[in-house]
Amino acid sequence: KHRPDLLVTVYHIELLPILEIAKDLGNLPVIHIATDMDIKMHEVFAPGTYPVYPGFLAGVPFNVDRSFATASPLDRQHLFLSGYPVRSEFLEPFHPVKVAAGRANLAPAGTKVLLMMTGGAGQDIPWPYKLAEHGIGEPLHIIVVAGSDTKVASSLREAMPGNVTFPDGRIVWQGQDSSVTVEVAIDPKNHNLEKPYLMTAEGVAFLMDASDAILTKPGGGSTAEVAYRGIPAIFDVSRTLLHWEQFTVDIFTDRSRGLGFHGERHLRPTIARAFALGRSTSLAEAPSGGIIHPGKRLAHAAKMVLEAPCSNCRVLSTEAAVEGNLSVAAESMHTP
């Protein structure tokens, strides 16, 4: 058994006991990386208690004031702008020439492309069926990422018996509305015969780059990947969302990076409005410009907590931290 030099956590509910364990193990430094835009620190620390552990920092994924506000009661000196720990493929620069070449094969010229992605386990949602019955008034191609769900393809195929051959020779499906085509994404780099619709990170990143909008769930990881690739998002808010999911939808809406819709009546106009938003990585950008690189941010934060002096230090206090010394937060928020 070896004593670690640093503890990194991502689940906020376990943060307080981990801080206590870190203290008991000899003042180990701790970094918490939030995995939602709502940091939820009020769920961790009781009212009237304040973390004062000097070797502790909490990462806020994006430079959004409302996210930083949800870190209360943490003092700013315990916060840093971390970025979101997405897969490396989603941090790659956007290559217009490469994407344009791929897009030419993805759908005919003049066709809008809507990506539908509801999680790795897949989910047979009603919207591709509804749009195949009645489209949006212009050519539309829908790409469904089914993930490990092997039944979605057969269900869609049964509802859309028509065939259309696309520019690269692949056959896609067509339902009642001839202006709408549908396919389930297949990644040539996936060799899992039992789960033929699994996608690599590279494949998903390309589809995000080549599509005009994405209909997805408002989970932390999904929306972070969307923010880093810059594709406009569409969220189904017909069902009751978890409070942190609604928080994410609200931020995407406020920053003009996404829209929510309530049922089929609002689906088509919302798609049209989402297409008009265009591409932007503004949500995932640092104050100094460029995307927030989570690896570099975490490395810088680790250096700071490893160097923080801590001898007989406390984890919590019943007195609020003194305002003024925010140099730690300021420095870490503006690192590359």
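**View 1. Phe-62 and its neighbours in the predicted model.** Leaving aside residues up to four places away in sequence, Phe-62 touches Met-37, Ser-67, Phe-68, Leu-81, Tyr-84, Ala-224, Ala-227, Tyr-228, Leu-283, Ala-284 and Ile-292 (contact means heavy atoms within 4.5 Å). This is a predicted model, where local features need pLDDT of at least 70 and side-chain atom pairs count only at pLDDT 80 or more, while totals for chains, interfaces and linings use all residues. Residues are numbered from 1 along each chain as its sequence is written, and side-chain values use heavy atoms, with hydrogens and water left out.

**View 2. The largest nonpolar core.** Phe-62 turns up again here: with Met-208, Phe-62 touches the most other members of this 65-residue core. A nonpolar core is a set of buried Ala, Val, Leu, Ile, Met, Phe, Trp, Tyr and Cys residues joined through side-chain atoms within 4.5 Å; buried means under 20% relative accessible area, exposed over 50%, and partly exposed in between (1.4 Å probe, protein chains only).

View 3. Five of the six residues of strand 6 (residues 112-117) are buried, so the rest of the structure largely encloses it. Strands are DSSP E runs of at least two residues, numbered from the N terminus, and two of them pair if DSSP finds at least two bridges between them. Strand 6 runs parallel to strand 7 (residues 140-145), joined by six bridges, with Leu-115 opposite Ile-143. Four bridges join strand 6 to strand 11 (residues 213-216), also parallel, and here Met-117 sits opposite Thr-216.

**View 4. The Cys-310 to Cys-313 disulfide.** A search of the whole structure turns up one disulfide (cysteine sulfur atoms within 2.5 Å), with an S to S distance of 1.6 Å. Cys-310 is partly exposed at 21% relative accessible area, whereas Cys-313 is buried at 11%.
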